[in-house]
Amino acid sequence: MTISFLFPLVLFSLFLKPTFAVQKSYVVYLGEHTHGLQPTSVELNQVTNSHYKVLSSVVGSAEIARDKIFYSYTHSINGFAAVLEEEEAAQLAKRSDVISVFPNKPKKLHTTHSWEFLRLTRDGIIPSEGIWKKARFGKDTIIGNLDSGVWPELKSFSGEGYGPVPSRWRGTCQSGNGDKLLCNRKLIGLRYFNKGLAAAVGDQLNSSLSTARDLDGHGSHTLSTAGGNFVQGANVFRHGNGTASGGSPAARVAAYKVCWPLTGDSACMDADILAAFDAAISDGVDVLSLSIGSDAQEFVEDVMAIGSFHAVKNGITVVASAGNSGPTPGTVTNVAPWIFTIGASTIDREFTSYIKLGNKKKIKGMSLSATILPHGKYYPLITGASAKLDKVSKVDANLCAPDSLDTRKAKGKIVICLQGDYGSIEKGVAVLRAGAVGMILANDEQGGNEVFPEAHILPAADVGFADGQTIYAYINSNGKPIAKITPVKTVLGTKSAPKMAAFSSRGPNPIDPEILKPDITAPGVEIIAGYSLAASPTGSEFDKRRIQFNIITGTSMSCPHVSGVVGLLKTLYPLWSPAAIKSAIMTTARIRDNEEQAMQDSSTNDMATPFAYGVGDVRPNRAMDPGLIYDLTVDDYLNYLCGRGYNTSLLKSFTTKPYACPKSYSVTNFNYPSISLPELSGQVTVTRRVKNVGHPGTYSARIKSPVGVSVSVRPKTLTFRKMGEEKEFVVTFNSTSKVGSGDFLFGQLVWSDGKHNVRSPIVIKHK
């Protein structure tokens, strides 16, 4: 099934070469620079020349090195990207001053009502005691977005009403391809990075790719969700009408285009991502939002982990999507503990279109169709296989493949098609060309019962597998089956919500199961936000429609929701560390839905677990007053890496200064806002420390123990006499039985003073 979180693509004809096989490009990572964030031109030249010198040692001359290097990372990140032979890369990796050499691989791109669902508004009114008013809507926080660019002309990015650009901003507005993309006092930065892509496809890109303009809509959608202006009357084909905005609507925003179209997908190359990190750190962003990723990798080989570490060292909070590979366990990505990793959940809104059968059965479907059938009229109902052309297989006809349906059989009827193999718009075109009046699109068994609305080009509705089987059974048991499809309605207040999306990638953390990932979940299903006028709402070449707002689904949409909340906290507490901001958001999350029941998982219709939602669903208003926080410093992260077995050589990936690892350090004691013990045997003690960021008070511990485990806390109460005071506590775990052995089990620790509930999930597995 092709669902709407797969992002629209520009045709691959933009490229002159279609594969990665022509040349190999690599990132050569040298660590960090000793100069500050504002180096002189002399220092920058020295860095670039040093890169030529390093490469010339294996290629023979500085002149050849200059031709091979296409990026020199000169600001915060030290290294370069170059086109190399495998032997040259291997020789570089042996040099003592080279930390790592890794291929320039591609990563993938992973609202009106959502902010009301998160209680930033109530019945359209912004409460004076809420975080939006308190944080002045994220005023002058700078949010950077690494994605597919931006459509600058959208109202979401208008600079009208803004004051001067913050003086700390050092970025630029980069034009290209003769396209004069104008920055303003809202959209203060534009850059594009495509040299890594050019190296991968043979250094021959169509000139239309030399621009920061968003050609597929994904980047505009994510950036406007994080920091877009208030825009009234936002809707998609009249559906979901309301006021769209970002989480920090008064923030300044900057777009860093690193994602480009490839056949069947979009690619964001490692070399380009690292260059964008280096630029964004130097430019002066406060928050970086990245709705991109790939399979999880060890941190020293992961450009996302390396780039984000440099950002966090400079006080920048990095927020990234968890991935769309759920519900398979262990698929979560962007798992470094200094990255804020976001899963996706639903909100209480649906776009419903009912299928009414001739036997009076009523089946709820989902749709964003712009056209409707005449009210109350029933039409003959037929399967794709029954409407097939003579020379077409039943399999292809059931899928409503292009040119598979016979006009004589389908004309004037509603056709039911199976999801799969072809895009929904292609199926709709096939149905329309056959003269049918409407379409029902049913999931196959693998697609299950999770359904998302699609912007069909004819009256149509999507249904899950079970409902599809009901419709097929009715057709097969009735000599003259009939049906009608009702117009789409936007329904608010649906129960139950939030619910974990089945596609949202799951834990356990495949790199280090002692760090629970994802960290948190946020709205990521059917989100309305700004779009690109260069792309159709469906991404299909058959679809010539253009809209300023679109509805998209994925962890790509949940990530910028949290980025927007981070922007609000950065405005409120400009001196808080990235870890402090992250802790405030995590420990105040909720794990119950709008019926006060445990949050459910769409993939099982059973109770969701921390492997799906982390600590829970984000609650912005609670996050501005967390009571206590779990803070971390750069040294804490380095100690964590020491605990992971990183030696002096590997630590150079993250610090140029000599760092002596503690004589004994357990990752178990890393001061994370969650506790995960994947190999519990006998007794284990865990140490944590919390900092008071509220009024003086006394907090008491409450424990919900996992099955078969005795949990105790020492001390049981923590008394704080002033803001900023820190206290340490120890949690002791005793395995009392092997109940649930082999399975992960869950519990929680809550520190409460009667007003604040500072909650941390507990995850254990008996060894």
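Trainee: Where is the place of P518?

Mentor: Keep in mind that this is a predicted model. P518 sits in a loop, with β25 (499–500) on one side and β26 (520–523) on the other. Look at its peptide bond too: K517 and P518 are joined in cis, with omega about 0 degrees.

Trainee: Which other residues does a cis peptide bond join?

Mentor: G326 and P327, where omega is about 5 degrees. P327 also belongs to a loop, the one between β15 (317–321) and β16 (340–345).

Trainee: What about backbone angles: which residue other than glycine has a phi near 75 degrees?

Mentor: That's R238, and the value is positive. F237 has a positive phi as well, about 50 degrees, and it isn't a glycine either. For F237 the place is the loop between β8 (231–236) and β9 (239–244), and R238 is found in the loop between β8 and β9 too.

Trainee: Does F237 count as buried or exposed?

Mentor: Go by relative accessible area: under 20% is buried and over 50% is exposed. F237 has 14% relative accessibility, so it counts as buried. R238 is at 63%, so it counts as exposed.

Trainee: Now the sheet. In what order do the 4 strands of the open sheet come?

Mentor: Read across it as β2-β3-β1-β4, with antiparallel pairing. The edges are β2 (69–73) and β4 (100–103), each pairing on one side only. From one strand to the next the twist averages 15 degrees. For a detail, take β2 and β3 (residues 77–83), an antiparallel pair with 4 bridges. There Y73 stands opposite G79 of β3.

Trainee: Which strands does helix α8 lie across?

Mentor: α8 (residues 270–283) lies across β1 (25–32), β2, β3 and β4, and runs at about 35 degrees to β2. Helix α9 (residues 303–313) lies across β1, β3 and β4, at about 30 degrees to β1.

Trainee: At what angle do α8 and α9 pack?

Mentor: About 5 degrees, with their axes 10 Å apart. Angles under 35 degrees count as roughly parallel, so α8 is roughly parallel to α9. On the α8 side the contact residues are D270, I273, L274, F277 and I281, and they meet V303, M304, I306, G307, S308, H310 and A311 in α9. Sorted by class, that contact has 8 nonpolar, 3 polar and 1 charged residues.

Trainee: And at what angle do α9 and α18 pack?

Mentor: About 150 degrees for α9 and helix α18 (residues 634–643), with the axes 10 Å apart. Over 145 degrees counts as roughly antiparallel, so α9 and α18 are roughly antiparallel to each other. F309, V312 and K313 of α9 make the contact with V634, Y637 and L638 of α18. Those residues divide into 5 nonpolar, no polar and 1 charged.

Trainee: One last residue. Why does D617 count as buried?

Mentor: Use the cut-off from before, under 20%: D617 has 0% relative accessibility, so it counts as buried. You'll find D617 in the loop between α16 (610–613) and α17 (620–623).

Trainee: With which side chain does the side chain of D617 make a polar contact?

Mentor: With that of S345, at 2.9 Å. Leaving out residues up to four places away in sequence, D617 also touches others, including F117, L118, P498, I520, R590 and M599.

Technical notes
Residues are numbered from 1 along each chain as its sequence is written. This is a predicted model: local features need pLDDT of at least 70, side-chain atom pairs count only at pLDDT 80 or more; totals for chains, interfaces and linings use all residues. Side-chain values use heavy atoms; hydrogens and water are left out. Two strands pair if DSSP finds at least two bridges between them. Helices (H or I, at least four residues) and strands (E, at least two) are DSSP runs, numbered from the N terminus. Axes are lines fitted to C-alpha atoms, for helices over the stretch in contact, and angles run from 0 to 180 degrees between N-to-C directions. Contact means heavy atoms within 4.5 Å. Angles under 35 degrees count as roughly parallel, over 145 as roughly antiparallel, 65 to 115 as roughly perpendicular and the rest as oblique. Ala, Val, Leu, Ile, Met, Phe, Trp, Tyr, Cys and Pro count as nonpolar, Asp, Glu, Lys and Arg as charged, and the others, Gly among them, as polar. Buried means under 20% relative accessible area, exposed over 50%, partly exposed in between (1.4 Å probe, protein chains only). A polar contact is a pair of N or O atoms within 3.5 Å; within protein, one must be able to donate a hydrogen and the other to accept it, and residues adjacent in sequence count only if both atoms are side-chain atoms.
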